[in-house]
Amino acid sequence: MAGDLALLAAVSLISALQQGRFARLVGKSRMKHKVLPPAVTGAPEFERTFRAQQNCAEFYPTFQTLLWIAGLFCNQELASLLGLLYMYARHKYFHGYAESASRRLMGFYLSLIVLACLAILGAAGIVNSFMDEYLGFNIGKKLPKMF
Amino acid sequence: MAGDLALLAAVSLISALQQGRFARLVGKSRMKHKVLPPAVTGAPEFERTFRAQQNCAEFYPTFQTLLWIAGLFCNQELASLLGLLYMYARHKYFHGYAESASRRLMGFYLSLIVLACLAILGAAGIVNSFMDEYLGFNIGKKLPKMF
Amino acid sequence: MAGDLALLAAVSLISALQQGRFARLVGKSRMKHKVLPPAVTGAPEFERTFRAQQNCAEFYPTFQTLLWIAGLFCNQELASLLGLLYMYARHKYFHGYAESASRRLMGFYLSLIVLACLAILGAAGIVNSFMDEYLGFNIGKKLPKMF
């Protein structure tokens, strides 16, 4: 079973490492600006870096959920690609936010678009799965015959 | 494989959208009370809304873990129903907390009860799975014969 | 399918309960130091306890992701063992941090080492899975023959 999901798992693993990287950069920013734990306020740059990481961490379980549902129920390759795009968006968001609050927006909006796409893929896959089970109608199997 | 889990995935997907909705409501509250990122303090109503969303986000991975384990190892339909109930509890919690700190409690306690139920279902399913593997005794298969 | 993953699920379930325990200890610390929600600042001991729990919650999805990928793609027993070790590290971290900021370090570093081990296991399993699929070469199947 696991073998069929290797692509999804690879993307998921890399995204976990990205989360670790964000956490490490917050630690570095702590040292640079001398913000000792448990304080989370201090230099504005540290506060922005910290909020950026917090926001990424908050959204991470939502991203993982949508990634795996889209990949399992719709299309693994497409979901994995969107997963990579999400990581790129979060990369832009994090480093943009660290520079200034307004520079976080582009990455943030892109990340939301990717999440919406993953949700649509996942929802389509689930609806198809229900139709297949209860109505015996599977659009995924019929599509190839149409072309 | 994915088809058997469509119900669980549907609940999981909706819960991910709920998380996104909570985050959006915090954004709206930011604008209403003019709390500019990265600040997380300001008007009491904003602070309550922010804490409500933070608490939901913190508990979300725990919920997902328990939901899927209960669904996979015990009963998908029951776990999915509890998942919907959890979302209802979190809805009450979030909107109650936004109004006043004391009005968060009902939803919060309900969410804890649901999590406890999911944990019990999951634990029962795992114990049954171990007994089946090591002792050849599966209560899930024996139950139908008793009635 | 679920039966093969009972060990991983058991570790995952216990880790979810640990997260719940950390959240409850923050609640107790709130009452002890009279920090009323939504405030998150007050007595230094409360602030440390709160930050400890926040950090555990932030890292939890990353841990879960790495645990399941390592377990599914490489070795369930080894991943489960590392999962237990992670929980021990987080236990030390949380209770150390509640006492003083410097006492959080040992548990924290141990938790990072465990995450790194899980990531390496997971990555090795995924690479092997790709090689098996595209090159027909599976080191996991060849290893037993070597000895």
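1. A polar contact is a pair of N or O atoms within 3.5 Å; within protein, one must be able to donate a hydrogen and the other to accept it, and residues adjacent in sequence count only if both atoms are side-chain atoms. Across the interface of chain B and chain C, three residue pairs, both at pLDDT 80 or more, are in polar contact by this rule. Zero salt bridges are found there (a side-chain nitrogen of Lys or Arg within 4 Å of a carboxyl oxygen of Asp or Glu).

2. The model is predicted: local features need pLDDT of at least 70, side-chain atom pairs count only at pLDDT 80 or more, and totals for chains, interfaces and linings use all residues. Residues are numbered from 1 along each chain as its sequence is written, chains are lettered from A in the order in which they are written, and side-chain values use heavy atoms, without hydrogens and water.

3. In this interface, 24 residues of chain B are in contact with 25 residues of chain C (heavy atoms within 4.5 Å). The area buried between the two chains is about 1800 Å², with 74% given by carbon and sulfur atoms (accessible area, 1.4 Å probe, lost on putting the two parts together, summed over both). On the chain B side, B:Arg51, B:Glu58 and B:Phe73 lose the most area to chain C, together 24% of what that side buries.

4. A rotation of 120 degrees with 0.0 Å of shift along its axis superposes chain B on chain A, at RMSD 0.0 Å (least squares on C-alpha atoms of residues with pLDDT of at least 70 in both). The two copies are thus related as by a three-fold rotation axis. In chain B, the C-alpha of B:Pro61 is the nearest to the axis, 3.6 Å from it.
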